[in-house]
Amino acid sequence: MSDDALLRVENLVKHFPIMRGIVFQRQVGKVHAVDGISFSIKRGETLGLVGESGCGKSTTGRAVLQLHKPTAGKVFLDGVELTALKSEELRRMRRKMQIIFQDPYASLNPRMTVGEIIGEALFIHENLRGKQLQERVQDLLRLVGLNPVFTSRYPHEFSGGQRQRIGIARALALQPLLVVCDEPISALDVSIQAQVINLLEDLQQELNLTYLFIAHDLSMVKHFSNRVAVMYLGKIVELAQRDELYQSSLHPYTQALLSAVPIPDPVLEEKRQRIILKGEVPSPINPPSGCRFRTRCPLVQEICAEKEPEFREAAPQHWVACHMV
């Protein structure tokens with residue numbers, strides 16, 4: 001783990017209990033959403049977190065921000081252990097960390113105006129009122145490329161891309177150090193996605209922001225991230241510098257993901273060998289023993305079922321969890 005990291009996550013675990021019974025409820029199982037992951041993000045850096053749907057990416061982001069209380073593990077932000085804070089101390093730390101949600105239609109309150117949505121955090125944390133509050137809200141709208149006269153409008157009067165810009169303005173209201181981008185472009189039209197990504201890049205340069213960028217789109221992650229972590233069924237299976245991961249991936253799951261990314265060259269695309277994974281992703285309620293990927297892995301051996309692979313540094317700054325590497 002790096003000493004100059006803004007965010008450090010150590011053995012983070014988040015399990016969701018499965019309850020049965022109407023009057024007398026009892027726990028009959030648990031969903032292993034996130035199961036012992038560790039990573040760090042330096043100041044001003046973007047860490048991309050990729051993987052299939054249901055692998056635990058969004059839960060990781062929310063557990064980092066303490067929106068989901070972790071089952072175990074530690075999260076340090078700017079040297080402060082978030083997992084040990086009481087509610088009032090955590091409330092004061094919240095101004096340093098924000099989230100941009102996936103769905104711009106569901107994440108904005110339809111009964112509040114844009115001015116109220118963006119200004120709510122300023123009202124609560126900085127006690128701003130009246131004209132001072134209105135000016136700050138208008139400045140934030142300008143920052144994300146929206147007309148400042150929109151403050152009295154409601155979310156339904158905006159397009160999807162504009163709503164996501166409102167969500168970004170809300171996240172930046174308190175000048176946070178860390179922003180978790182939870183698939184911020186997946187609900188948008190392709191033509192709008194590039195605009196939002198360019199906006200996030202410009203804001204990072206201007207405000208020295210640090211991003212945890214959660215996404216499905218591997219080509220977008222390659223464009224936007226400094227380092228990339230690949231997640232499978234609650235575990236990080238590979239973590240490396242962006243170019244290193246895309247050119248010299250070590251884990252068979254990462255190789256399968258990258259083989260599915262289209263190449264805009266028909267000659268290269270025709271020569272390339274696709275890796276087709278067999279079977280379905282196992283249930284997070286009852287994950288496989290040993291290596292979680294073994295039920296679909298083309299390189300599987302006996303040891304994969306018996307022993308969980310260690311997440312180790314196989315090459316400089318290149319971490320992987322696989323017995324076959």
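Guide: Begin with how a crossing angle is defined: axes are lines fitted to C-alpha atoms, for helices over the stretch in contact, and angles run from 0 to 180 degrees between N-to-C directions. Keep in mind that this is a predicted model. Here, helix α9 (residues 252–259) lies across β9 (227–232) and β10, and runs at about 105° to β9.

Visitor: Which strands does helix α5 touch, and what angle does its direction make with that of β6?

Guide: Eight strands form an open sheet with mixed pairing, in the order β6-β7-β8-β3-β9-β10-β12-β11. The edge strands, each pairing on one side only, are β6 (97–100) and β11 (312–315). Neighbouring strands of this sheet are turned by 25° against each other on average, direction ignored. Helix α5 (residues 160–172) packs on the sheet, where it touches β6 and β7 (178–182), and its direction makes about 175° with that of β6.

Visitor: In which sense do β10 and β12 pair, and over how many bridges?

Guide: Two strands count as paired if there are at least two bridges between them. Strand β10 (residues 235–241) and strand β12 (residues 318–320) have two bridges and pair in the antiparallel sense. Within β12, Trp-319 is the residue that stands opposite Leu-239.

Visitor: Let us return to α9. Is Ser-259 buried or exposed?

Guide: The cut-off for buried is under 20% relative accessible area. Ser-259 lies in helix α9, and its relative accessible area is 6%, so Ser-259 is buried. Leaving aside residues up to four places away in sequence, Ser-259 touches Arg-272, Gln-273, Arg-274 and Ile-275.

Visitor: How many residues of helix α1 are buried?

Guide: First, the general idea: an α-helix has 3.6 residues a turn, so residues three or four places apart point the same way. Helix α1 (residues 57–64) is mostly covered, with six of its eight residues buried. The buried ones are Lys-57, Thr-59, Thr-60, Gly-61, Ala-63 and Val-64. Just after α1, Gln-66 takes a positive phi of about 65°.

Visitor: Where does Gln-301 lie?

Guide: Gln-301 lies in the loop between α10 (266–271) and α11 (302–306). Partly exposed covers the range between the buried limit of 20% and the exposed limit of 50%. With a relative accessible area of 45%, Gln-301 is therefore partly exposed. Gln-301 and His-323 are 22 residues apart in sequence, and their C-alpha atoms are 8.7 Å apart in space.

Note on methods:
Residues numbered from 1 in each chain as written. Predicted model: local features only at pLDDT ≥ 70, side-chain atom pairs only at ≥ 80, totals over all residues. Heavy atoms only, no water. Helix = DSSP H or I, 4+ residues; strand = E, 2+ residues; numbered from the N terminus. Contact = heavy atoms within 4.5 Å. Buried < 20%, exposed > 50% of the residue type's maximum accessible area, 1.4 Å probe, protein only.
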